[in-house]
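Good morning, and thank you for coming.

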Amino acid sequence: MIRNASRLAATSFALFLLASPAFAQAQPSASHLAVAREVALASGMTRSFDAMSEPFLVQLQQMNVTRPEIKQDLEQVVAIIRPELEQQKQKMLDNAARAFALRLSESELKDIAAFYKSPAGAKYVQVQPGVLDDIVRDLAAWTQQTSQFIMTRAREEMGKRGHQLN
């Protein structure tokens with residue numbers, strides 16, 4: 001469930017980046033993009049890219065379970081594809097850097113990069129996956145509780161007005 005939530009979050013993030021009207025704005029400078037890229041890397045964001053792409057390679061490699069005769073060829077194909085996949089992840093990293101650069105000034109990005117280099121920032125990046133797992137877990141329970149709360153309250157209020165909701 002958590003892996004699916006991570007995939008959903010990464011996919012949503014990617015779609016948001018691609019659909020954003022900010023992409024139509026002026027292009028940031030090379031130095032602005034460089035510090036934005038540094039922030040994207042230091043923030044741990046690339047873990048999402050890995051979380052999305054690695055399962056595809058694992059799934060491909062698992063084909064040898066049903067077809068053991070292709071195991072060696074499959075391993076060679078995965079070895080060929082892996083560097084190409086890395087290039088694809090670099091493109092996504094560039095897109096993330098561009099999104100940061102379009103929304104934050106170079107100075108702001110330098111401050112953020114400095115935070116990620118600090119002990120507190122490094123700790124934040126280290127604990128972030130666990131925190132996100134907890135939030136996703138808690139969000140599922142909260143969503144259900146909130147849904148029930150809203151329906152209960154709506155029924156009560158509608159009942160006061162002479163209406164019955166099922």
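Let me begin with a definition: a residue is called buried when its relative accessible area is under 20%, exposed when it is over 50%, and partly exposed in between, using a 1.4 Å probe and protein chains only. This is a predicted model, in which local features need pLDDT of at least 70 and side-chain atom pairs count only at pLDDT 80 or more, while totals for chains, interfaces and linings use all residues. Residues are numbered from 1 along each chain as its sequence is written, and side-chain values use heavy atoms, with hydrogens and water left out.

I turn to the overall picture. The chain has 7 helices and 0 strands; here helices (H or I, at least four residues) and strands (E, at least two) are DSSP runs, numbered from the N terminus. Of the 166 residues in the chain, 22% are buried. Contact means heavy atoms within 4.5 Å. Among the contacts in the chain with a separation of 6 or more, 78% join residues 24 or more positions apart.

Next, the packing of helices. Two packed helices are described by the angle between their axes and the distance between the axes. The axes are lines fitted to C-alpha atoms, for helices over the stretch in contact, and the angles run from 0 to 180 degrees between N-to-C directions. Angles under 35 degrees count as roughly parallel, over 145 as roughly antiparallel, 65 to 115 as roughly perpendicular and the rest as oblique.

How do H2 and H6 lie relative to each other, roughly parallel or roughly perpendicular? The axes of H2, residues 30-42, and H6, residues 106-117, come within 9 Å and cross at roughly 30°. The two helices are therefore roughly parallel to each other. On the H2 side, the residues in contact include Val-35, Ala-36 and Val-39, and on the H6 side they include Leu-109, Ile-112 and Ala-113. By class, this contact of H2 with H6 has 8 nonpolar, 2 polar and 4 charged residues. In this scheme Ala, Val, Leu, Ile, Met, Phe, Trp, Tyr, Cys and Pro count as nonpolar, Asp, Glu, Lys and Arg as charged, and the others, Gly among them, as polar.

H6 also packs against H7, at an angle of about 80° and with the axes 4 Å apart. H6 and H7 are therefore roughly perpendicular to each other. Phe-115, Tyr-116 and Lys-117 of H6 make this contact with residues of H7, including Pro-119 and Tyr-124.

Leu-104 belongs to the loop between H5 and H6. With a relative accessible area of 24%, Leu-104 is partly exposed. Leu-104 touches His-32, Leu-109 and Ile-112, not counting residues up to four places away in sequence. Leu-104 and Ala-36 are 68 residues apart in sequence, yet their C-alpha atoms are 8.5 Å apart in space.

My last topic is charge. Side chains of opposite charge can pair when their charged atoms come close. A salt bridge is a side-chain nitrogen of Lys or Arg within 4 Å of a carboxyl oxygen of Asp or Glu. How many salt bridges does a search of the whole structure find? The search finds 13.

One of them joins the side chains of Glu-38 and Lys-117, at 2.7 Å from N to O. This pair links distant parts of the chain, with Glu-38 in H2 and Lys-117 in H6, 79 residues apart. Glu-38 is partly exposed at 29% relative accessibility, whereas Lys-117 is exposed at 63%.

In H5, residues 71-103, Lys-89 and Glu-86 lie 3 residues apart, about one turn of the helix. Lys-89 forms a salt bridge with Glu-86, the closest N and O atoms being 2.7 Å apart. Is Lys-89 buried or exposed? Lys-89 is buried, with a relative accessible area of 10%, while Glu-86 is partly exposed at 35%.

Finally, Arg-153 and Glu-156 form a salt bridge of 2.7 Å, N to O. Both lie in H7, residues 119-160, 3 residues apart. Arg-153, at 33% relative accessibility, counts as partly exposed, and Glu-156 is partly exposed at 41%. Salt bridges that share partners join Arg-153, Glu-156, Glu-157, Lys-160 and Arg-161 into one network.
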